[in-house]
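Welcome, and please take a moment to look over the sequence and the model. A short briefing follows, grouped by topic.

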Amino acid sequence: MTYSFFPKGTAFLLSLIFIFSCNNHQDPTDPNTATDDETHTVRLKLDLSQRYQTIDNFGASDAWSCQFVGLWPEDKKNAIADLLFSMETSPDGQPQGIGLSLWRFNIGAGSAEQGEASDIPDEWRRAESFMLANGQYNWEKQVGQQWFLQAAQERGVDYFLAFPNSPPVHMTTNGKAYAFNGKSNLDSENYEAFASYLANVVEGIADHTGISFQYLSPVNEPQWDWSDANQEGTPFTNNEIAGIVRALNTELENRKLAISIDIAEAGKINYLYATDDKPQRGEQIKHFFDSNSANYLGNLSKVGNVISAHSYFTTSPAQEAIRMREELADELAGVPGLKYWMSEYCILGDNSGEIQGNRRDLGMEAALYLAEVIHRDLTIANASAWQWWLAISPYDYKDGLIYVDKNKSDGNFYESKMLWALGNYSRFIRPGAQRIGVSEENSKSHPLLVSSYIHPELEQSSTVIVNNSSGSFQLALSFEDADIDSLQAYVTHSAASLTPTVSYSEEDEITIAPNSITTLVGKIR
């Protein structure tokens, strides 16, 4: 998938992560705003009685680079896997990785086997298919991607999601992995065959690797036309998605597969609640989870009580980003129990001049922008999952957590601060954490974005603070119904990457550095 640019116990084990919606940037004209020459104290109270969404996972995708990087020398690909998945620390306490809790596996459509005849010019954007032209399956395909699946599991990742961008080329209407004229590339008479194919893939991978998928996402960004041969993809209307999902639900039921169908990976979050410019592809919450809809899927046994979308084109300007997430949250609230997953994002486009997607950025500008997006998705849209696009990118674009040389057999790799920005969330907000309320005890203006959760299985507290300003701040936290033994700070800024620094007591004021993301981790007694 996705963007179509080119070089696109009684001790309850608790975990807290503070999520406070201070969404406005610092106003230098406000006399109450801190400047470079002064520091003021921000006082926040954590309220364990206010409960919001439970976190399911933080993840990223193996598209498309893992098909090659998974074949690189063992030392390099293992080092990359450690950065993405590891929850281990070095002797000095430095986290070895960001501890992703979900890994997205791209089921290829076969454009790689077609080569140049696929019409997709960039070899790194083609993908192999397990399905052969004769209908047989070859489980030695997508070997590099399968290596990363196993590397993720070995490092403790428990959740896996499989997604195709296109049906296999031997099944599509035009014999290609991209569509023509903005119309679906899968005829309705092939819905059952497509469902059988997807079930075969998840069963085959489980048999071949021992890895089971918990989630299967059959369509990806169905609003886009996917007619530019830039990568694999196909559009679908809501009615077509309903037909595919019903066929898939029947197939999974018949095989008694314990897997949940994820729908529908909308290309923008407003397609979930508005028609926008796609009258047959919008308002997906109503179409799929309103029992009065002809496309209702909420009663199917394998459809999860989740709807997913991507944050592309909805992150700027700030007030519009906030408004759209508020509208999404309001629409979700109309369907009791329905959860929202933000299932794909990278920094794309010009973002109203706030930041450009073009040009690789290993530094803090992109990392801080990313952290703001995550914060709003969690605290305003109430996302239960947050998933990045390319875990590994060869491109000169802000689409990678880790960047690599565009070399199929070997090369160098480069950590970005975006990796560690996501790590402030993924490593410390584990599956099962529940967001709780935070209130401000003083009213001085400040730009800090602070987040908060409680976990029933971890004997620790964690706090994520984003400071996208040039000013330093003191942070005072008060806890109701909980006592904290100590708080260990992990800091990401221009000279640190989730680096352990000062340990604080509960009574201490905590220094928040300029242009930084800080996570505080402590024991609860």
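Helix 2 and helix 4 cross in a right-handed way. Keep in mind while you look around that this is a predicted model.

**Where helix 2 meets helix 4**

- To find the pair, look for residues 74-85, which form helix 2, and residues 143-154, which form helix 4.
- The two helices pack with their axes 10 Å apart, at an angle of about 50°.
- Angles from 35 to 65 degrees fall between roughly parallel and roughly perpendicular and count as oblique, and helix 2 and helix 4 are therefore oblique to each other.
- On the helix 2 side, the contact is made by Glu74, Lys77, Asn78, Ile80, Ala81 and Phe85.
- Their partners in helix 4 are Trp147, Phe148, Ala151 and Ala152.
- Sorted by class, this contact has seven nonpolar residues, two charged ones and one polar one.

**Cysteines without a bond**

- How many disulfides does the structure hold? The number is zero.
- Cys66 takes part in no disulfide, and the nearest cysteine sulfur to its own belongs to Cys346, 15 Å away.
- Is Cys66 buried or exposed? Its relative accessibility is 0%, and because buried means under 20%, Cys66 counts as buried.
- Cys346 is buried as well, with a relative accessible area of 0%.

**Two cis peptide bonds**

- You can find Trp64 in the loop that runs between strand 3 (57-61) and helix 1 (66-69).
- Another cis peptide bond links Ile263 to Ala264, and here omega is about -10°.
- Ala264 sits within strand 7, which covers residues 260-266.

- Most residues other than glycine have a negative phi.
- Asp276 is not a glycine, yet its phi is positive, at about 55°.
- Where is Asp276? Its place is in the loop between strand 7 and helix 7 (284-289).
- Asp276 has a relative accessible area of 42%, so it is partly exposed.
- Asn515 also has a positive phi, of about 45°, although it is not a glycine.
- Asn515 lies in the loop that links strand 19 (510-512) and strand 20 (516-524).
- With a relative accessible area of 33%, Asn515 is partly exposed.

**A glycine in a loop**

- Gly175 is placed in the loop between strand 5 (159-164) and helix 5 (191-209).
- At 27% relative accessibility, Gly175 counts as partly exposed.
- Which residues does Gly175 touch, leaving aside those up to four places away in sequence? They are Gln114 and Val169.
- Gly175 and Ser111 are 64 residues apart in sequence, while their C-alpha atoms are 9.7 Å apart in space.

Conventions:
Residues numbered from 1 in each chain as written. Predicted model: local features only at pLDDT ≥ 70, side-chain atom pairs only at ≥ 80, totals over all residues. Heavy atoms only, no water. Disulfide = S-S within 2.5 Å. Buried < 20%, exposed > 50% of the residue type's maximum accessible area, 1.4 Å probe, protein only. Axes fitted to C-alpha atoms, helices over the stretch in contact; angles between N-to-C directions. Helix = DSSP H or I, 4+ residues; strand = E, 2+ residues; numbered from the N terminus. Parallel < 35°, antiparallel > 145°, perpendicular 65-115°, else oblique. Left-handed = near helix turned anticlockwise from the far one by under 90°. Contact = heavy atoms within 4.5 Å. Nonpolar A, V, L, I, M, F, W, Y, C, P; charged D, E, K, R; others polar.
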